[in-house]
Amino acid sequence: MSKNLSQLARRKGVEHTLFQELVLDKNSQSVQARKKLAKAFLVGEAIVHGTASFYDFIDGENANKKAYVCNGSSCLCAGTQDKVKSSLEQQLGKNEIGHVTCLGRCAENAAFQIAGENFSGKDIDAISNIIEQTKSDNLQALSKEHYHVATTLAEPILTAELNNVERYYQAFFTFIENSTPEQLLEKITESGLRGRGGAGFPTGFKWQSCRDVKGDEKYIVCNADEGDAGAYSDRYLLEQRPHFVLFGMLMAGYLAGANTGILYIRNEYPEAIRVTQQAIELFKKLTSHSLLAINWNFTFKIIKGAGAYICGEETALLRSIEGQRPVVSVRPPFPTQSGLFGCPTVLNNVETFASIHWILSDEDNRFKALGNGKSTGSKLISLDSCVVKPGIYEVAMGTPLVDVIELAGGFSKSLKALQIGGPLGGVVPLDKIPELTIDFESFAQAGFLLGHASIIGIPTETKMIKYIEHIFEFTAAESCGKCYPCSLGSVRGKEMVSNAIDGKSMIDQTLLSDLLETMQLGSLCALGGGVPLPIKNILQYFAGEIAPFIIEKNVLGKKAQNKIVQAGEQS
Ligand SMILES: Cc1cc2nc3c(=O)[nH]c(=O)nc-3n(C[C@H](O)[C@H](O)[C@H](O)COP(=O)(O)O)c2cc1C
Ligand code: SF4
């Protein structure tokens with residue numbers, strides 16, 4: 001992606017970005033509005049159009065609908081969405097209903113959004129009342145949900161109550177008075193904290209490398225795009241513990257040398273955006289004098305997403321903020337070297353930031369002691385309605401997966417597998433559950449992925465061939481288009497599976513396995529590169545169920561194969 005465009009976007013800074021203009025202006029679809037924006041931001045009209053056309057909620061057939069039906073994997077598995085869709089269509093008309101993946105209401109399912117507010121569970125039964133209230137101030141109050149929050153930790157880290165916000169922020173000034181930045185960074189590194197966004201990159205190392213890079217301006221970016229269906233632990237933190245997140249960003253700013261913190265929050269989370277904005281106001285009120293006294297400043301800004309899963313990938317997210325088409329960039333350079341607007345940037349997941357206060361407050365490095373080898377501290381797990389008590393569970397890294405399921409009351413229905421870690425996470429058959437503990441290593445060794453640690457139950461009656469189709473379809477819809485293995489591979493994969501389901505043609509085993517290999521090895525990022533994992537898991541563990549759809553064909557035919565062998569021998 002163009003380095004020049006990143007630097008040009010910097011002219012207006014984060015306060016005024018092309019992307020936010022497009023998101024916030026309801027008329028931004030008009031040609032006139034686009035021309036005006038191009039002029040205001042001194043970019044070509046094609047740039048404005050290229051950006052706008054990428055997003056589900058700005059352009060295209062899914063934009064500006066009255067209601068959106070969640071089509072994430074959890075709602076799909078729960079089988080609730082046909083009723084939601086038909087009820088909404090009856091009330092509002094077919095053309096007024098769009099789709100969204102995912103609203104994070106996976107504990108209750110039957111999720112939908114109307115007039116910018118989210119609903120789930122039994123809400124669909126009261127749809128007439130909800131529609132009546134869309135123009136009143138009561139709509140927010142109707143948008144209630146219930147999920148369990150529990151922990152096995154004697155002293156919780158992420159689910160702890162926060163009773164005194166002022167004292168909580170006061171700790172920042174105590175830390176920086178009593179310790180040097182090097183000592184604080186050392187403590188974070190020593191804790192063994194690894195990024196909770198999926199890749200598990202060591203946080204202390206990331207912050208140190210940004211600190212080491214020279215730059216007149218640096219940024220701290222919180223990745224709150226939580227696009228994995230089934231995941232809502234980041235939403236929990238933003239809605240229930242926003243100061244934990246803000247504190248981590250503040251400390252990252254101080255240690256890396258940045259004065260601006262940006263929270264990129266998905267548009268599908270209206271409550272998280274509201275609560276975090278209120279928390280920012282309180283932060284300002286409580287800390288402005290003390291910050292002035294140390295002659296240092298840190299400001300927060302929320303950027304709302306616009307419905308693109310790939311914007312969770314760090315380089316796409318940064319391009320999105322800049323107002324460029326959010327296509328994945330090749331790394332290096334890494335964001336710590338050249339991130340937002342080409343400036344050194346620390347980008348972390350919500351949960352990663354939320355652990356920082358606890359780590360720095362702890363005298364005895366209990367964070368490290370809590371974990372399991374290279375995976376330290378605690379982890380939030382989000383469980384969907386497949387368990388008796390769906391909700392957010394905080395457990396020490398290394399906790400057996402069976403214990404987590406037991407804590408959540410066991411399964412609520414008959415299941416055949418779990419998908420853990422979002423659409424790119426592994427599909428774990430039930431008999432493999434006892435082998436897994438909640439840590440990066442255990443999952444990787446068993447051929448799965450901890451990822452964001454969201455858990456979706458796949459019911460016994462779900463057809464695995466349909467689930468493969470769903471995964472390919474999701475990837476095809478969300479691919480950024482930068483590389484062929486993913487952008488073409490996911491579409492061809494979906495076609496192959498759909499044709500088999502429709503009885504048009506069997507899946508060619510060799511072709512499918514070549515396709516998966518190409519995607520895994522040849523994709524630029526973990527969207528195309530990651531999607532083969534759950535599909536391979538299904539092919540391995542549910543081979544019997546898939547067998548009627550798959551055949552070992554000789555794709556090229558004997559003659560062509562002989563030619564290839566001969567050509568190989570001659571060269
Ligand atoms: C397709 C894709 C989607 C991603 N979505 C998210 C996301 O929603 N939230 C997140 O924190 N990280 C997501 N990531 C990982 C980020 O690129 C990045 O590694 C992470 O935010 C870094 O923060 P951490 O070090 O605290 O984990 C995604 C990666 C890919 C490839
Ligand atoms: S793998 Fe897919 S999402 Fe990632 S860069 Fe390639 S096309 Fe884009």
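This is a short tour of the structure above, stop by stop.

The model is predicted: local features need pLDDT of at least 70, side-chain atom pairs count only at pLDDT 80 or more, and totals for chains, interfaces and linings use all residues. Residues are numbered from 1 along each chain as its sequence is written, while chains are lettered from A and ligands numbered from 1 in the order in which they are written.

**Stop 1: strand 6**

Select residues 219-224, which form strand 6. Helices (H or I, at least four residues) and strands (E, at least two) are DSSP runs, numbered from the N terminus. How many of the six residues of strand 6 are buried? Six of the six are. Buried means that 20 or more other C-beta atoms lie within 10 Å of the residue's own; exposed means 12 or fewer, partly exposed is in between, and C-beta atoms are placed from the backbone. Tyr219, Val221 and Asn223 lie on one side. Ile220, Cys222 and Ala224 lie on the other.

Strands pair if DSSP finds at least two bridges between them. Strand 6 runs parallel to strand 7, with six bridges joining them. Strand 6 also pairs with strand 9 in the parallel sense, over five bridges. Click on Asn223. Its opposite residue in strand 7 is Tyr264, and in strand 9 it is Asn349.

**Stop 2: strand 7 to strand 8**

Select residues 260-265 and 299-304: strand 7 and strand 8 run parallel, joined by six bridges. From strand 7 the chain passes through helix 14 (residues 270-293) to reach strand 8, a right-handed β-α-β crossover. Right-handed means that, with the strands pointing away from the viewer, the path from the first strand over the helix to the second runs clockwise. Leu263 has Ile302 of strand 8 as its bridge partner.

On helix 14, pick His289.

**Stop 3: ligand 1**

Select ligand 1. Around it are 21 residues, the closest being Gly195, Gly197, Gly312, Asn349 and Thr352. A residue counts here if its C-beta atom, placed from the backbone, lies within 6 Å of the molecule. Strand 9 (345-349) and helix 24 each give two or more residues to this shell. The largest share, three residues, comes from strand 9. By class, the shell has seven nonpolar, nine polar and five charged residues. Ala, Val, Leu, Ile, Met, Phe, Trp, Tyr, Cys and Pro count as nonpolar, Asp, Glu, Lys and Arg as charged, and the others, Gly among them, as polar.

**Stop 4: ligand 2**

Move to ligand 2. Here 14 residues surround the ligand, and the closest are Cys480, Cys483, Cys486, Cys525 and Gly528. Helix 22 (484-501) and helix 24 (526-530) each give two or more residues to the shell. Its classes are eight nonpolar, five polar and one charged.

**Stop 5: the largest nonpolar core**

Select Phe112, Cys222, Val245, Tyr264 and Ile538. Of the 168 residues in this core, these touch the most other members. A nonpolar core is a set of buried Ala, Val, Leu, Ile, Met, Phe, Trp, Tyr and Cys residues joined through C-beta atoms within 7 Å. Helix 13 (residues 242-256) gives the most, 11 residues.

**Last stop: helix 6**

Find Asp82 in helix 6 (residues 81-92). Asp82 is exposed, because 9 other C-beta atoms lie within 10 Å.
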